[in-house]
Amino acid sequence: MTACGARADVLGAARLIKRLAGQINVVVHALGILLCLPHILRPGEAIDYVSLGAGNTGRAFDLETNQRIAEFKFIRWQGGPEAIRQNALFKDFYELAEHPGPKEKFLYVLGTEPAEKFFNGGRAISSVLSRHVKLRNQLAEKFGDRYRKVRDYYVPNKDRVVIQDVSPFVPELVAGC
């Protein structure tokens with residue numbers, strides 16, 4: 001077994017690589033946002049906060065400025081079933097659309113076509129929000145059963161959130177797609 005590399009130090013090294021690789025999404029998210037900022041910010045626009053960690057960082061959105069709130073989704077769509085990615089995308093769209101206040105709302109994605117296809121599709125909201133019980137209950141409390149499919153919610157609300165492609169600003173994330 002030792003001749004094949006089955007040693008304790010190899011196991012320790014593999015554990016370290018696994019731990020560090022688990023943080024790669026945080027690095028991609030943070031660098032992706034930072035590289036997009038010079039392209040999306042307007043003259044005179046001031047950042048109130050930018051949340052660079054992927055996932056729950058205690059902030060409502062990834063970016064808030066004096067003019068906008070925004071979420072970034074650096075999803076590389078694979079084709080085929082994308083339920084987990086779609087669920088997260090819908091959640092972000094919904095939270096942006098329902099957020100009160102006068103600021104513009106942006107959802108930044110890598111290519112708008114897969115997002116638009118999903119939002120205009122017929123996937124059931126109950127399926128999309130199956131793991132987001134709090135959000136599902138909030139939507140039901142606010143709207144009853146008015147919205148059964150993703151498109152039922154998206155179509156009347158699509159003008160509330162700008163969905164913008166940031167691929168030109170981070171081509172390294174789409175190279176080889």
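1. Contact, as used in this note, means heavy atoms within 4.5 Å. On that basis, and leaving aside its neighbours within four places in sequence, L129 is in contact with F90, L135, R136 and L139. L129 lies in the loop between helix 5 and helix 6, where helices (H or I, at least four residues) and strands (E, at least two) are DSSP runs numbered from the N terminus. L129 and K142 are 13 residues apart in sequence and 15 Å apart in space, C-alpha to C-alpha.

2. On the basis of the note: this is a predicted model, in which local features need pLDDT of at least 70 and side-chain atom pairs count only at pLDDT 80 or more, while totals for chains, interfaces and linings use all residues. Residues are numbered from 1 along each chain as its sequence is written, and side-chain values use heavy atoms, with hydrogens and water left out.

3. The sheet is open and consists of 5 strands in the order 1-2-3-4-5, with mixed pairing; two strands pair if DSSP finds at least two bridges between them. Strand 1 (47-50) and strand 5 stand at the edges with a single partner strand each, so one side of each has no neighbour in the sheet. Strand 1 and strand 2 pair in the antiparallel sense over 3 bridges, and V50 stands opposite L63 in strand 2.

4. Of its 6 residues, 6 are buried, so strand 3 is largely enclosed by the rest of the structure. R68, A70 and F72 point one way, I69, E71 and K73 point the other way, and all are buried. Strand 3 pairs with strand 2 (residues 63-65) in the antiparallel sense over 2 bridges, and a hairpin joins strand 2 to strand 3 through 2 residues. A70 is the bridge partner of L63. Strand 3 and strand 4 run parallel and are joined by 6 bridges, with A70 opposite F106 in strand 4.

5. The largest nonpolar core holds 28 residues, of which L89, F90, F93, L107, F119 and Y153 touch the most other members. Such a core is a set of buried Ala, Val, Leu, Ile, Met, Phe, Trp, Tyr and Cys residues joined through side-chain atoms within 4.5 Å. Elements that each supply at least two residues of this core include helix 3 (83-98), strand 4 (104-109) and helix 7 (150-157). Helix 3 gives the most, with 6 residues. A second, separate core of 13 residues includes L37, F72, F106 and L110.

6. Which residues of helix 4 are buried? They are A115, F118 and F119. The buried residues pack against helix 3, strand 4, helix 5, helix 7 and strand 5 (162-165). Leaving aside neighbours within four places in sequence, F119 is in contact with L89, F90, F93, L107, V150, R151, Y154 and I163.

Definitions and conventions:
Buried < 20%, exposed > 50% of the residue type's maximum accessible area, 1.4 Å probe, protein only.
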